[in-house]
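Here is my note on the model, point by point.

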Amino acid sequence: MKTAYRSKFQDSVKSLRRMLFLLPAGVMLLAGCGKDVGKDAPEQVSGKVEREQVSLTVWGAQEDAELLERMARSFEEAYQDEADIQVTCGEQGEANCKDAMFADLEKGADVFTFADDQLNALAAAGALEPVADADTIRAEHLQTAVEAASVGDTVYAYPLTADNGYFLYYDKEFFTQEDILSLEKMLEIAADNGKYVAMDWSSAWYVYAFFGNTGMEVGLNEDGITNYCDWNKKEGAIKGVDVAQSMLDIAASPGFSNRNDAAFLQGMQDGSVIAGISGVWNAKELQQTLGERMGAAKLPSYTCAGQQVQMASFSGCKLVGVNAYSKEPDWAARLAAWMVSEENQELRFEMRGQGPSNKQAAQSEQVQQAPAIAAILEQSEYSQLQRISGKFWVPVETFAGNMALLNASGEDLQKQLDAMVEQVIAR
């Protein structure tokens, strides 16, 4: 029986060998490679490799529409060897981008531009994907811009611009480089010529200029809701009433005009104003009006408590955020980094006149030759990021408005400062 079984088994083996010999070589190869080749078989049989399909949406300001389109198309082209990428651009105002995102984070843009004062709220809500390569951002961008993009030690966004602040515009026909160092000197020159130096005291944003470098402070508490403020300080080299008295002295000058931004621009255009405090958004109009006579510089100093105090400023930046709910977080991060690169920030300056946060772009010859951008960068040494809650604005504007009217209420200055601070820090 054993011999018969062995004979049948040998015959079966021979038959199997003949069958394998007759099979096509390709089938033999697949059979010999096992499971690993089986996984790749569809690609080898079809001769095609599946390409990654990437779809991204980016939001930006309406006035940046053309710029965003150019950056989107260049991004698609730059990575065309890695994936099939489609970037769709949408219009969304930067000032209220936070509200649009909060309406539905899962349907919000993968990448979006926004004003830096919205960062804390977006980060607290878990709407922002923290920047993975934060060290690169810190190395490539201006320190103030990196701070604007951070909460604590965590970088939550990509710096896009570093030009949201204010500085001094002036007509070179009336002022020398030495004159513009002192606000009082400028007021004297303006009065002698029957002209004005303008500043907007109806906006608390500008009023910070007087308190910022005095040793007194204002800012946002750790709760992210309430403010701290000691502008009513009664001790120290400079007290709150000293600043208030300086503002009264300035307002009393015949060369001073308290007017809003639109009125300042109008005054420069009709010749009644020869200097004033504003931002980069007026640069093109003033350049057209004054031509080579247009000057721009850091803010001057003013006299307070018998000493010269360098005027301060609030500063701000535009940022690029990556939606934490993006279905393509890695590609969204690549797009955000692309938008804030040296090359694209130079393109932004060329097309929109906005000041770069990228260090190399900020040092380019073209940027350095732009008076307004050079001035905002010079003033940045004396600026503070705008980190305050909504209760700051009205009390400060009420106080400053009364100073502009030479204390028309007649109330004691310390009492006015105390009332202002009480409202600013209210819970």
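1. A cavity here is a set of points, on a 1 Å grid over the protein atoms alone, where a 1.4 Å probe fits but cannot get out; lining residues have an atom within 4 Å of a point. Helices (H or I, at least four residues) and strands (E, at least two) are DSSP runs, numbered from the N terminus.

2. A word on the basis. This is a predicted model, in which local features need pLDDT of at least 70 and side-chain atom pairs count only at pLDDT 80 or more, while totals for chains, interfaces and linings use all residues. Residues are numbered from 1 along each chain as its sequence is written, and side-chain values use heavy atoms, with hydrogens and water left out.

3. The second largest cavity holds about 40 Å³ of space. Volume means the space filled by probe spheres set on the points, with grid points joined across faces, edges and corners. Its lining has five nonpolar, one polar and three charged residues. In this scheme Ala, Val, Leu, Ile, Met, Phe, Trp, Tyr, Cys and Pro count as nonpolar, Asp, Glu, Lys and Arg as charged, and the others, Gly among them, as polar.

4. How many cavities of 30 Å³ or more does a search of the whole structure find? There are two.

5. The largest cavity is lined by Leu-168, Leu-183, Met-186, Val-197, Ala-198, Met-199, Trp-201, Phe-210, Ile-250, Phe-256 and Ile-277. Helix H8 (183-192) and strand S8 (196-199) are the elements that give it two or more lining residues. S8 gives the most, with three. The class count is 11 nonpolar, no polar and no charged residues.

6. Now the sheet. Five strands form an open sheet of mixed pairing, in the order S2-S1-S3-S17-S6. Strands S2 (84-91) and S6 (158-159) are its edges, each pairing on one side only. Two strands pair if DSSP finds at least two bridges between them.

7. S1 (residues 53-60) and S3 (residues 111-115) run parallel, joined by two bridges. Trp-59 stands opposite Phe-112 in S3. Helix H3 (residues 65-78) lies across S1 and S2, at about 170° to S2. Axes are lines fitted to C-alpha atoms, for helices over the stretch in contact (heavy atoms within 4.5 Å). Angles run from 0 to 180 degrees between N-to-C directions.

8. Which residues of S17 are buried on each face? Lys-318, Val-320 and Val-322 are buried on one side, Leu-319 and Gly-321 on the other. That is five of five residues in S17 (residues 318-322). Buried means under 20% relative accessible area, exposed over 50%, partly exposed in between (1.4 Å probe, protein chains only).

9. S17 runs antiparallel to S3, with five bridges. It also pairs with S6 in the antiparallel sense, over two bridges. Val-320 is the bridge partner of Thr-113 and of Tyr-158.

10. Overall, the protein has 19 helices and 18 strands. Buried residues make up 47% of its 427 residues. Of the contacts with a separation of 6 or more, 73% are between residues 24 or more positions apart.

Conventions:
1 Å grid on protein atoms, 1.4 Å probe; cavity = no way out; pocket = protein on both sides within 12 Å on 5 of 7 lines; lining within 4 Å.
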